[in-house]
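This briefing is for a reader new to the structure.

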Amino acid sequence: MNRPASVPALDRNWSLVAAGAVLGCVAIGAVFSLAVLLGPMGAATGWSRAGLSAAMTLAFLSMGVAGFGWGLLSDRIGPRAVALAGSLLLGLACVLASRAGSLLQFQLAYGVLLGAAAAAFFAPVIAATAAAFERRRNLAISLVSAGVGVAPMTLSPLVAWLITRYDWRTTLLIVGVLAWALTLPAVRFVRAAPAAHAAAPAQAAVGAPPATMAQALRSRAFIVLGLAFFACCAAHSGPIFHTVSYAIGCGLPVTAAVTIYSMEGAAGLGGRLLFGALADRYGAKPILVGGLLAQALAAAAYLAVDQLDGFYAVALVFGMAYGGTMPLYASLARDAFDPRILGGALGAANLLSSLGMALGPVVGGWLYDRYGSYTWLYLGSMLVGLAAAAIALAFPRAPRESGGLRPALQG
């Protein structure tokens, strides 16, 4: 079968990949600025830690809900317009949060508005990337996702440096202006792949993918994808959130325990690149299943260590596994859904993943309060992680055509 004339246009939009990495880095860096500012803000305002932390919870919930809306909108008007709106709102949210006169105002600006703004850079940009690449699709998506992993090593240290020289209001104001300065130029390189959209009618004739969002959300592919994504995030969010406390309980100093997070983050960045390259060679599904199994076993392995070197060894595997698997869901979605509804499908899947991320810390805290240890958290994370791997096995296969293109899957 001869390759369609539109195919050579694929696998060339690396400027989109670079722009997506920058947008994700700045967005997540802005959201997680609160982790650095929490203490200084509480001391300066008298607002409670619980009230300030609630802003982070609101941000994650807002990211999940808004991500679905942004994904649907990007399918209609294109990813560049959505990314532009997100860029403008991102800086505005930081500026408004820096001027907040009450805790409620801060929660609305930082939690609701900033979370909604950050969501504009994920499903639309990832969908555009997935549609723009074929042979190197997994690597391209992983490179976009790598921007998220870079945030703790770039913007977070910058915020920590700023807060030593300015108050929290000035720091957040600078973050907002910097967000505009970095994201607005990057938006110019965010564009859809005309070749992918032109190929959609031909794909429909071959594989009959879901033609509408309602059909896509009812399809076997989406149900399996969404449940696996939810279980995956529920499995790793608890250990991510509670491992520092667990390590301190094992006798590690606070400063040493915090470095376990750094190890997980660095390993996650490497895992994204490694898993992306492996998925391009062997397929996204088997690499995803293998990564989910590794994540599950690594979560339980935390119970077997009590020294810093042991924690580092487990964090290396755990970070690589959860970091490497996250971008692969977008690649599977690209195989299953028409590119013209891919943004909405990814947005819906991201909503489910956000619910999973919100579930893990709360359940982990409840289990600790109930049983006085983290044993059931890590064992539960292993079981949920194994369930995620089993669910992912049910994802429909995407056979390659002789010309190299993957046909869309049946709903």
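A residue counts as buried under 20% relative accessible area, as exposed over 50%, and as partly exposed in between. Leu58, at 31% relative accessibility, is therefore partly exposed. The model is a predicted one.

**Salt bridges**

- A search of the whole structure finds three salt bridges.
- In one of them, the side chains of Glu134 and Arg137 meet with N to O at 2.9 Å.
- Glu134 has 4% relative accessibility and so counts as buried.
- Arg137 has 1% relative accessibility, which means that Arg137 counts as buried too.
- Arg137 also forms a salt bridge with Asp335, where the closest N and O atoms are 2.9 Å apart.
- Asp335 belongs to helix H15 (residues 328-336) and Arg137 to helix H7 (residues 137-163), so this pair ties together parts that are 198 residues apart in sequence.
- Asp335 counts as buried, at 3% relative accessibility.
- Arg340 forms a salt bridge with Asp338, with 2.7 Å between the closest N and O atoms.
- Within this pair, Arg340 is partly exposed at a relative accessible area of 39%, whereas Asp338 counts as buried at 3% relative accessibility.
- Through shared partners, salt bridges join Glu134, Arg137 and Asp335 into one network.

**Aromatic rings**

- Two rings pair if their centres lie within 6.5 Å, and by this rule the count comes to 16 aromatic pairs.
- Trp47 and Phe106 form one of these pairs, which is tilted, with 6.1 Å centre to centre and 40° between the planes.
- Trp47 lies in the loop between helix H2 (33-45) and helix H3 (49-77), and Phe106 lies in helix H5 (residues 103-119), so the pair ties together parts that are 59 residues apart in sequence.
- Trp47 and Phe106 are both buried.
- The ring centres of Tyr302 and Tyr378 are 5.6 Å apart and the planes stand at 45°, so this pair is tilted.
- Tyr302 is in the loop between helix H13 (284-301) and helix H14 (308-325) and Tyr378 is in helix H17 (residues 375-393), so that the pair links distant parts of the chain, 76 residues apart.
- Tyr302 and Tyr378 are both buried.
- Ring pairs link a cluster made up of Tyr246, Tyr302, Phe311, Phe318, Tyr322, Tyr368, Tyr374 and Tyr378.

**Charges over rings**

- Arg188 lies over the face of Phe189, 5.2 Å from the ring centre.
- Arg370 has its charged end over the ring of Tyr371, at 5.1 Å from the centre of that ring.

**Helix H1**

- Helix H1 (residues 14-31) has 18 residues.
- From its first C-alpha to its last, H1 reaches 26 Å, close to the 26 Å expected at 1.5 Å a residue.
- Of the 18 residues of H1, 14 are buried, so the helix is largely enclosed by the rest of the structure.
- Val31 lies in helix H1 and is buried, with a relative accessible area of 0%.

**A nonpolar surface patch**

- Leu58, Leu104, Leu108 and Val112 make a nonpolar surface patch of about 330 Å².
- H5 gives the largest share of the nonpolar patch, three residues.
- Leu58 lies in helix H3.

**Contacts between separate parts of the chain**

- Which residue is 29 residues from Val31 in sequence and 9.0 Å from Val31 in space? That residue is Phe60, with the distance taken C-alpha to C-alpha.
- Pro124 is found in helix H6 (residues 123-132) and is buried, with a relative accessible area of 2%.
- Pro124 and Gly67 are 57 residues apart in sequence, and 8.5 Å separates them in space, C-alpha to C-alpha.

Definitions and conventions
Residues numbered from 1 in each chain as written. Predicted model: local features only at pLDDT ≥ 70, side-chain atom pairs only at ≥ 80, totals over all residues. Heavy atoms only, no water. Phe/Tyr/Trp six-rings, centres within 6.5 Å; stacked < 30°, edge-to-face > 60°. Helix = DSSP H or I, 4+ residues; strand = E, 2+ residues; numbered from the N terminus. Buried < 20%, exposed > 50% of the residue type's maximum accessible area, 1.4 Å probe, protein only. Lys NZ or Arg CZ within 6 Å of the ring centre and 35° of its normal. Expected span 1.5 Å × (residues − 1). Salt bridge = Lys/Arg side-chain N within 4 Å of Asp/Glu carboxyl O. Patch = residues over 30% accessible without salt bridge, like charges linked within 9 Å, V, L, I, M, F, W, Y side chains within 5 Å. Areas by Shrake-Rupley, 256 points an atom, 1.4 Å probe, with all protein chains shown as cover.
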